[in-house]
Amino acid sequence: RPKLSGPELLCQLKDKVEVTTLTPDLQPFSSLPWATQLPPKSLTADLGPYKSCAVVSSAGSLRYSGLGKEIDSHDAVLRFNAAPTTGYEKDVGSKTTIRLINSQVMASDDHRFLSSSLYSSGVLVAWDPAPFSADLTQWYNRTDYPIFIQYQRYRRLHPLQPFYILHPRFEWQVWQRIQDNMAEPIQRNPPSSGFLGTVLMMSLCEVVHVYEFLPSRRKTELCHYYQRFYDAACTLGAYHPLLYEKNLVKRMNQGSDRDIFTHGRITLPGFSKVNC
Ligand code: NCC
């Protein structure tokens, strides 16, 4: 297959991926009483457009980066899962506009999802590794983690905080973009939160800077900037097709290689700025 250029890849993402979230009108939710807790409109109808956005990976290489001020200077900042800002402001900033969390975080006791203040600022967006078909009823009956039970509990405790759930079609459309642009078959597991969040922000922002998704000269086996845990798989991937995601992002990058080396910074245009 022909190897697509960066601009061609950007067009594919823009044309073939729909960034949608669950709304109360969708089956099977429309017949469930708690569906009224879901936001009435999709996320992209409610948020943005923002001029500049920062996507902050949770990589260990953010430690001692001193990127906090630069990250906070963006109009919107996306963070992932249990990644904190308190105590790490110098390196990762303190602004959180959106937090993208996987269903494991919502369900596991260690993360104290329902009670920890970590999750109470900004807009929450959750996702769950859905079956490949992306059929909503099939997924509802067999989620990877109890995302819907935890969602209902959280909404009751924090009724005013905006909280969206990604449509599983989105994760598999992003997966398909990765597979179609790789010569070999990739694992049939959804993309990482990092890549899903990057595409999400491309739909909301004019320009997106992604930090330490492609590691800088600070590259380390330290998994997260906020934990003393070492595993190269955090950067290279195991369950998620992470290395393939990084390959695509490298091809779409509009910034310089120097930016990656010194700042771990990638520059991507928002979809509104991509002309196909
Ligand atoms: O580690 P995680 O991701 O929360 O990191 C968020 C995103 O940052 C990018 N990353 C992270 C570390 C690193 N060294 N390099 C990176 O590029 C990745 O893009 C990653 O997606 C996830 O994707 O949701 C993930 O979540 C964790 C875990 O569930 C949460 O942190 C909660 O504890 C997964 N870890 C395990 O299941 C053990 C991880 O595989 C993916």
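This is a predicted model: local features need pLDDT of at least 70, side-chain atom pairs count only at pLDDT 80 or more; totals for chains, interfaces and linings use all residues.

Modeller: Let's start with the disulfide that joins Cys 11 to Cys 276, where the sulfurs are 2.2 Å apart. This pair ties together distant parts of the chain: Cys 11 sits in helix H1 (residues 6–16), Cys 276 lies in the segment after strand E7 (265–269), and the two are 265 residues apart. The torsion about the S-S bond is -110°, which makes the link of Cys 11 and Cys 276 left-handed. The two ends have their own surroundings. Cys 11 has a relative accessible area of 14%, so it counts as buried, because the cut-off for buried is under 20%. Cys 276 comes out at 60% relative accessibility and therefore counts as exposed, since exposed means over 50%.

Next comes the link between Cys 53 and Cys 205, with an S to S distance of 1.9 Å. Here again distant parts of the chain are linked: Cys 53 belongs to strand E1 (residues 50–56) and Cys 205 to strand E6 (residues 205–211), 152 residues apart. So this bridge runs from strand to strand. Both Cys 53 and Cys 205 are buried. About the S-S bond the value is -90°, and the link of Cys 53 and Cys 205 is left-handed.

Then there's the disulfide of Cys 223 and Cys 234, with 2.1 Å from S to S. Cys 223 is found in the loop between E6 and helix H10 (233–236), while Cys 234 is in helix H10 itself, eleven residues apart from its partner. The torsion about the S-S bond of Cys 223 and Cys 234 is about -90°, so this disulfide is left-handed.

Putting the pieces together, the count comes to three disulfides. If you number the bonded cysteines of the chain in sequence order, the pairing reads 1-6, 2-3, 4-5.

Conventions: Residues are numbered from 1 along each chain as its sequence is written. Side-chain values use heavy atoms; hydrogens and water are left out. A disulfide is a pair of cysteine sulfur atoms within 2.5 Å. Helices (H or I, at least four residues) and strands (E, at least two) are DSSP runs, numbered from the N terminus. Buried means under 20% relative accessible area, exposed over 50%, partly exposed in between (1.4 Å probe, protein chains only).
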